[in-house]
Amino acid sequence: MLSVLALTSVVLLGIASQSTALVVNTDSEKHALVGSDVRLSCSFFSWQWTSPEVSFTWHYRPDGAKDAISIFHYGGGEAYPANKGPFQNRLEFVGNPSRRDGSILIKNLDFGDNGTFTCDAKNPPDIGGHPSTIRLLVFEKVPVQAGVITGSIIGVVLGLLILVVAIYYLMRFLVARRVFSLSMSKHGKKGKGKEGSQQKQKPKVPLVFISF
Amino acid sequence: MADEAGLAKKPKMLVILFATIVLHLTSLIILFIATCASAWRTHGDTSYDLWYDCTQINGGYKCSGNGDADWLQAVQALMVLATIFCLISFIIFLCQLFTLVKGGRFFFTAVFQILASLFVMSGAIIYTVMSPQWKNDSDTYGYAFVLAWLAFPLTLISGLIYIILRKKE
């Protein structure tokens, strides 16, 4: 009995400690045009109340480099963008820490800004958790979304096909109705020549032959 | 007399029917494989296009989505359309086999099959023309690319056969 109690309490503690881990959420990839501004959003989920000592830290690792540098820190109610480095004077804090939002805005993008951004948030006493990364891709011109052209070509062709088939059957129906109404007005009862030859036969294997 | 001649010709006509169906199904299967397998270019262990770039690592696959090149999406669309049209033409052939009047030709089947061959041709040509600019020079063409080029004459021949084929009985 005691051992069952001990086991249950261990399991519950395990679940409880798991649930107090902080979870940081960001986009996984962000596309932007050269010269534009991009907002890198970061928010977190935590079981604790938002503490006044909540902190956000952003690191940046350029494509091809091995080390990340710190570019931004928010703590103790103040935002501290790095005053040296590649994002000097280009970084702005647009988040709302009381709403658990630690997003930053990078202005006037350049091709050298391609890289991986890491957001790390801490909400004392909840300080465990994984930082989350965003990959920034800077383009000269925004590429077409995967599958847009594919889907539109397929849709247009199939749509045309259905349209052509519908028009064909409509024409046939209209012509048949015209012929039918003409024959009805002329003869009245003798318009049934077709059904004689289509009697029910024993189903046979259909045969084909080649002739030019 | 006429009966004997008819009976003597029956196996030959069955053979023609069977061969036509086999040809059509072969081209349909080849189109399916060429469209769905993502192996239009290979580079050692990596295969690229039409949908993914996949690398073989430790017995498993590591795939990433394709770059969104415009012409590649057009090739995707054309291959999918060719497969759909080949399938539609097969269904129409089966329908027409039982509903056509005696001596009638399989025009609808032929139309769809030839359209399918045109789509495959366009897709294969676009891919052949555009790809050397896209990847590095040490790539080789994969089996799906070969199958796509093979599907073009098969569907064309199949479509032409349907033009000269006539229904009997």
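How much of residues 14–40 of chain B is helix and how much is strand, and how far apart are the end C-alpha atoms? The legends below open with that segment.

View 1. Over residues 14–40 of chain B, 85% is helix and 0% is strand, with the end C-alpha atoms 37 Å apart. Helices (H or I, at least four residues) and strands (E, at least two) are DSSP runs numbered from the N terminus. This is a predicted model, in which local features need pLDDT of at least 70 and side-chain atom pairs count only at pLDDT 80 or more, while totals for chains, interfaces and linings use all residues. Residues are numbered from 1 along each chain as its sequence is written, chains are lettered from A and ligands numbered from 1 in the order in which they are written, and side-chain values use heavy atoms, with hydrogens and water left out. An unreviewed UniProt entry lists "transmembrane region" for residues 14–40, 74–94, 106–129 and 141–165 of chain B; such positions are given in the numbering used here, feature names are shortened, and annotations may be inferred rather than shown by experiment. The span 106–129 of chain B is 96% helix and 0% strand, and its end C-alpha atoms lie 34 Å apart.

**View 2. Helix H2 of chain A and its cover.** Helix H2 of chain A (residues 148–186) has 39 residues and should span 57 Å at 1.5 Å a residue, in agreement with the 56 Å between its end C-alpha atoms; the expected span is 1.5 Å times one less than the number of residues. A:Thr150, A:Ile154, A:Val157 and A:Leu161 of this helix are buried, where buried means under 20% relative accessible area, exposed over 50%, and partly exposed in between (1.4 Å probe, protein chains only). An α-helix has 3.6 residues a turn, so residues three or four places apart point the same way. The cover over the buried residues of H2(A) includes helix H2 (70–99) and helix H3 (107–130) of chain B. UniProt, in an unreviewed entry, lists residues 148–171 of chain A as "transmembrane region"; that stretch is 100% helix and 0% strand, and its end C-alpha atoms are 34 Å apart.

**View 3. The disulfide of chain A.** One disulfide (a pair of cysteine sulfur atoms within 2.5 Å) is found over all chains. The sulfur atoms of A:Cys42 and A:Cys119 are 1.9 Å apart. A:Cys42 belongs to strand S4 (residues 42–45) and A:Cys119 to strand S10 (residues 115–122), so the bond ties together parts of chain A that are 77 residues apart in sequence. Because the torsion about the S-S bond is about -75°, the disulfide is left-handed. Both A:Cys42 and A:Cys119 are buried.

**View 4. Salt bridges in chain A.** Six salt bridges (a side-chain nitrogen of Lys or Arg within 4 Å of a carboxyl oxygen of Asp or Glu) are present over all chains. One of them joins A:Arg90 to A:Asp113 at 2.8 Å, N to O. A:Arg90 sits in the loop between strands S7 (78–81) and S8 (91–93), and A:Asp113 in the loop between strand S9 (104–106) and S10, 23 residues apart. Both A:Arg90 and A:Asp113 are buried. A:Lys107 pairs with A:Glu92, the closest N and O atoms being 2.7 Å apart. A:Lys107 is in the loop between S9 and S10, whereas A:Glu92 is in strand S8. A:Lys107 is partly exposed at 29% relative accessible area, and A:Glu92 is partly exposed at 35%.

Terms used:
Contact = heavy atoms within 4.5 Å.
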